[in-house]
Amino acid sequence: MTMELKRQGQANIDHHPPISDADLIKMYNYLSSSDSAQVLQHKVFVDIMMHFGRRGRENLRTLRRTDFSVSTNGEGCMFVEKIRDEQTKNHQDDSCKAEGRMYEIKDSDRCPLRSFVKLIRRLNPQCLFFISAAACGTKG
């Protein structure tokens with residue numbers, strides 16, 4: 001059936017255009033402009049979406065701080081990696097480990113690793129979930 005739709009020209013997929021460089025600069029300027037817990041949470045959300053290629057907001061609510069690990073590679077560069085996989089719409093029985101790393105950007109206000117660690121430190125220790133920091137309460 002799918003092949004027939006393709007032959008008829010009805011199986012085309014219209015993707016959203018990529019975010020322009022100018023819009024990325026605007027967005028990161030805003031996300032780096034404040035020290036509020038909510039803006040920090042938004043920045044980490046964007047960093048996770050950009051570096052781990054998350055599919056929209058799928059499974060974001062179930063992410064926990066224990067799903068991530070901060071490590072150092074053989075060259076001494078620090079990074080955040082995801083250490084727990086979850087099922088997604090297109091990967092129900094996928095046994096492959098999650099891939100992707102969010103590397104430190106030294107001497108940058110936009111460093112995703114620094115923002116990630118800052119958010120982890122500000123999370124209420126009794127808050128189990130990662131993205132719901134504002135709902136669980138943050139320190140500072």
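Arg101 lies over the face of Phe79, at 4.0 Å from the ring centre, where a charge counts as sitting over a ring if NZ of Lys or CZ of Arg is within 6 Å of the ring centre and within 35 degrees of the ring normal. The structure is a predicted model, in which local features need pLDDT of at least 70 and side-chain atom pairs count only at pLDDT 80 or more, while totals for chains, interfaces and linings use all residues. Residues are numbered from 1 along each chain as its sequence is written, and side-chain values use heavy atoms, with hydrogens and water left out.

**Aromatic pairs**

- A pair of aromatic rings is described by the distance of the centres and the angle of the planes.
- Three aromatic pairs are counted under the rule that rings of Phe, Tyr and Trp (its six-membered ring) pair if their centres lie within 6.5 Å, with planes under 30 degrees apart taken as stacked, over 60 as edge-to-face and the rest as tilted.
- The rings of Phe68 and Phe116 have centres 5.4 Å apart and planes at 65°, so this pair is edge-to-face.
- Phe68 belongs to strand β1 (residues 68-72) and Phe116 to helix α4, so their pair ties together parts that are 48 residues apart in sequence; helices (H or I, at least four residues) and strands (E, at least two) are DSSP runs, numbered from the N terminus.
- Phe68 is buried, with a relative accessible area of 7%, and Phe116 is likewise buried at 3% relative accessibility, where buried means under 20% relative accessible area, exposed over 50% and partly exposed in between (1.4 Å probe, protein chains only).
- Phe79 and Tyr103 form a tilted aromatic pair, at 5.3 Å centre to centre and with 50° between the planes.
- Because Phe79 lies in strand β2 (residues 78-82) and Tyr103 in strand β3 (residues 101-103), that pair ties together parts 24 residues apart in sequence.
- Phe79 counts as buried at 3% relative accessibility, whereas Tyr103 counts as partly exposed at 32%.
- Ring pairs also link Phe52, Phe68 and Phe116 into a cluster.

**Salt bridges**

- Four salt bridges are counted, each being a side-chain nitrogen of Lys or Arg within 4 Å of a carboxyl oxygen of Asp or Glu.
- One of them joins the side chains of Lys118 and Asp35 at 2.6 Å, N to O, and this pair links distant parts of the chain, with Lys118 in helix α4 (residues 112-122) and Asp35 in the loop between α2 (21-31) and α3, 83 residues apart.
- Another joins Arg122 and Asp35 at 4.0 Å, N to O, linking helix α4 to the loop between α2 and α3 across 87 residues.
- The side chains of Lys43 and Asp47 meet in a salt bridge of 2.7 Å, N to O; both residues lie in helix α3, four residues apart, about one turn of the helix, and both are buried.

**Helix α3**

- The 16 residues of helix α3 (residues 37-52) should span 22 Å at 1.5 Å a residue, and the end C-alpha atoms are 22 Å apart, which agrees; the expected span is 1.5 Å times one less than the number of residues.
- Among the buried residues of α3 are Ala37, Val39, Leu40, Val44, Ile48 and Phe52.
- Just after α3, Gly53 takes a positive phi of about 55°.
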